[in-house]
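Open the model in your viewer and keep the sequence panel beside it. The tour below goes from one selection to the next and says what is there.

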Amino acid sequence: MNESLKSILIVGAGPAGMACAHTLAKAGCTATVFEKEQVPGGLCRTLNFDGYLFDIGGHRFLTKSDEINQLWQDVLEGDLLRVKRLSRIYFRRRFFNYPLSFANTFANLGLVESFKCIASYFWCKWKRPGDDQTFEGWITNHFGKRLYDIFFKTYTEKVWAVACRDLSADWATQRIRGLSLKVAIKNAFGKKQNAPKTLAEEFYYPRTGPGEFYQRLEKLITNHGTEFSYGQTVVGIRCEGKRAVSLITEERKEGKRKEHKADHIFSTMPLPLLVRLLSPRPPAAVLEAADRLQFRSFIVINVILNREFIFPDQWLYIQDEDVKMGRIQNYKNWSPGMVADAKKTSLGLEYFCTQGDEFWNMNNPDMINFAMEELEKIGIAKRRDLINGFVLRCANVYPVYSLQYEKHITVIRRYLENFENLQTLGREGLFRYDNSDHALLTGIYAARNFLGEGPFDVWNVNTEKQYLEG
Ligand SMILES: Cc1cc2nc3c(=O)[nH]c(=O)nc-3n(C[C@H](O)[C@H](O)[C@H](O)COP(=O)(O)OP(=O)(O)OC[C@H]3O[C@@H](n4cnc5c(N)ncnc54)[C@H](O)[C@@H]3O)c2cc1C
């Protein structure tokens, strides 16, 4: 059958779904993309509020893939800023370089605390008291217990709400591999070591935020005949034997349901959700594995403040234990094009939570008040600086790397491999703590497999465990 006559359905217009649609379209193969939101880009979309532009958390364009770099350049026609990274840890009203640097850290901590940290580092190097399989153990062995307690424990537990001893070391090795106190000391006194990925000192950023890339990509895709159906949530996938035969969508506004015949489905929805939407239901062991895979959710409280300058960083990590806030983005430091008035500042105040918990259910005005109180408490801004603000809740964005997570993924993966025409891809679809370049690559690879240009293993993207935080 001619590929363009087939009913090819893509779930999600985030980076993975868009790259998949684009690769198919370039090969003359049209598809329909179902997206529950109203715009493309997924977590990389840009929101406009009172003329100020906000990311969902600040998205750097940074990749080791020449192909993705070329795609960004081609689609944005070079309309990318080169941004010098500045992001620090804010703790006890002091700014600590991140990644940690020897002189700055110890100048900020003072003589006595610094001595304790160094003693703890050497003791842990000698005794290696941590279990390298866990986040707590890995960091303790690499940085010492005292630095772990000061700089890693609080932020990590804010993000994951899991004790660091129950968190797989995979997150540490993906996020801060190549860093250690030894490297920090060497960098302070000698020739700089090869920078690990978290140290990337520059990145690209579209002048008006990452959403610009996905809007332009959408135009290129629709020029080839692919359709985007927005405001449509996929609520079911009907299967017969080894094939997925149709997909059911529900209109978000009116709740109207529709069934769409499918010859092939690419899904970027969260992996556990995909499993639960299959009909007939998968075996109990597969459903149980899906239940065991948990995500953390994310709320960003975006505010416009009547202040011209607050801090020079693109973002700050908030380390203090007595506030719930995890990070602050300062969008005018990403690009001047993000603010409508250069005399004002727009911040994204980031909170990590679990969908449906007390914080998630707080009403929006209370949440904005809460965040402004925290900003005042840590000395970043005053409540009276607030001009306007809004809240965005994002469910299922951080796959939790619990100790057994890989085992559960394998159970699901083996089951999905039985289907001839159903492919899962993307960050949530593969349950992988990936950046957008990886998600784009999974979309490209999945499409190429379909076009017979493979085989490419989407599960094998970003497995080198060297990572860019996001
Ligand atoms: C706070 C934060 C900061 C980040 N910073 C960076 C960064 O600096 N640089 C970087 O490269 N990456 C960063 N990332 C990662 C990046 O956002 C993701 O890697 C990327 O968005 C994943 O793309 P995706 O298409 O797999 O998933 P998503 O972007 O999540 O897209 C999935 C899409 O599917 C839709 N969808 C889901 N379920 C359904 C359904 N049932 N029916 C219809 N539609 C559905 C969703 O609405 C969404 O649009 C960051 C992520 C977060 C959370």
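A salt bridge here is a side-chain nitrogen of Lys or Arg within 4 Å of a carboxyl oxygen of Asp or Glu. Keep in mind throughout that this is a predicted model.

**Stop 1: salt bridges**

Select Glu202 and Lys84, which form a salt bridge with their closest N and O atoms 3.9 Å apart. Glu202 belongs to strand β8 (residues 202–206) and Lys84 to strand β5 (residues 80–84), so the pair ties together parts that are 118 residues apart in sequence. Glu202 is partly exposed at 30% relative accessibility, and Lys84 is exposed at 62%.

Next select Arg327 and Glu350, another salt bridge, where the closest N and O atoms are 2.6 Å apart. Arg327 sits in strand β17 (residues 327–330) and Glu350 in strand β18 (residues 345–353), so this pair joins parts 23 residues apart in sequence. Are these two residues buried or exposed? Arg327 counts as buried, with 5% relative accessibility, and Glu350 is buried too, at 0%.

A further pair to select is Arg128 and Asp132, at 3.1 Å between the closest N and O atoms. Arg128 is partly exposed at 37% relative accessibility, and Asp132 is partly exposed at 31%. The structure holds 30 salt bridges. To see several residues linked in a network of them, select Glu77, Asp79, Glu212 and Arg216.

**Stop 2: helix α9**

Select residues 211–223, the 13 residues of helix α9, which reaches 19 Å from its first C-alpha to its last, close to the 18 Å expected. Colour its buried residues: Gly211, Phe213, Tyr214, Leu217, Glu218 and Ile221. Seen down the axis of α9, these fall within an arc of 145 degrees, so they line one face of the helix. An α-helix has 3.6 residues a turn, so residues three or four places apart point the same way. On the face of α9 turned away from its buried side, find the exposed residues Lys219 and Asn223.

What covers the buried residues of α9? Among the elements doing so are α1 (15–26), α2 (66–76), β9 (227–230) and α15 (436–450). After α9 comes Gly225, whose phi is positive, near 105 degrees.

**Stop 3**

Move to α1, where 11 of the 12 residues are buried. Its buried residues include Met18, Cys20, His22 and Leu24. Gly28 follows α1 and has a positive phi, near 80 degrees.

Now select Pro40, in the loop between β2 (32–35) and β3 (47–49). Pro40 is buried, with a relative accessible area of 4%. Leaving aside neighbours within four places in sequence, the contacts of Pro40 include Met18, Tyr214 and Glu218.

**Stop 4: the two domains**

Colour domain 1 (3–45 + 64–71 + 208–292 + 404–460) and domain 2 (100–194), as given by the domain assignment. Their centres, taken over C-alpha atoms, are 38 Å apart. The contact takes 4 residues from domain 1 and 6 residues from domain 2. The two domains bury about 350 Å² between them, 48% of it on carbon and sulfur atoms. Select Tyr405, Arg432 and Tyr433, which supply 93% of the area that domain 1 buries against domain 2. Across this interface the rule finds 0 salt bridges.

**Stop 5: Thr156**

Finish at Thr156 in helix α6 (residues 145–160). Thr156 is buried, with a relative accessible area of 3%. Beyond its neighbours within four places in sequence, Thr156 is in contact with Phe135, Ala161, Cys164, Leu167 and Trp171.

Technical notes. Residues numbered from 1 in each chain as written. Predicted model: local features only at pLDDT ≥ 70, side-chain atom pairs only at ≥ 80, totals over all residues. Heavy atoms only, no water. Helix = DSSP H or I, 4+ residues; strand = E, 2+ residues; numbered from the N terminus. Expected span 1.5 Å × (residues − 1). Buried < 20%, exposed > 50% of the residue type's maximum accessible area, 1.4 Å probe, protein only. Arc of directions from axis to C-beta. Contact = heavy atoms within 4.5 Å. Domains from an automatic or database assignment. Buried area = accessible area lost by both parts, 1.4 Å probe.
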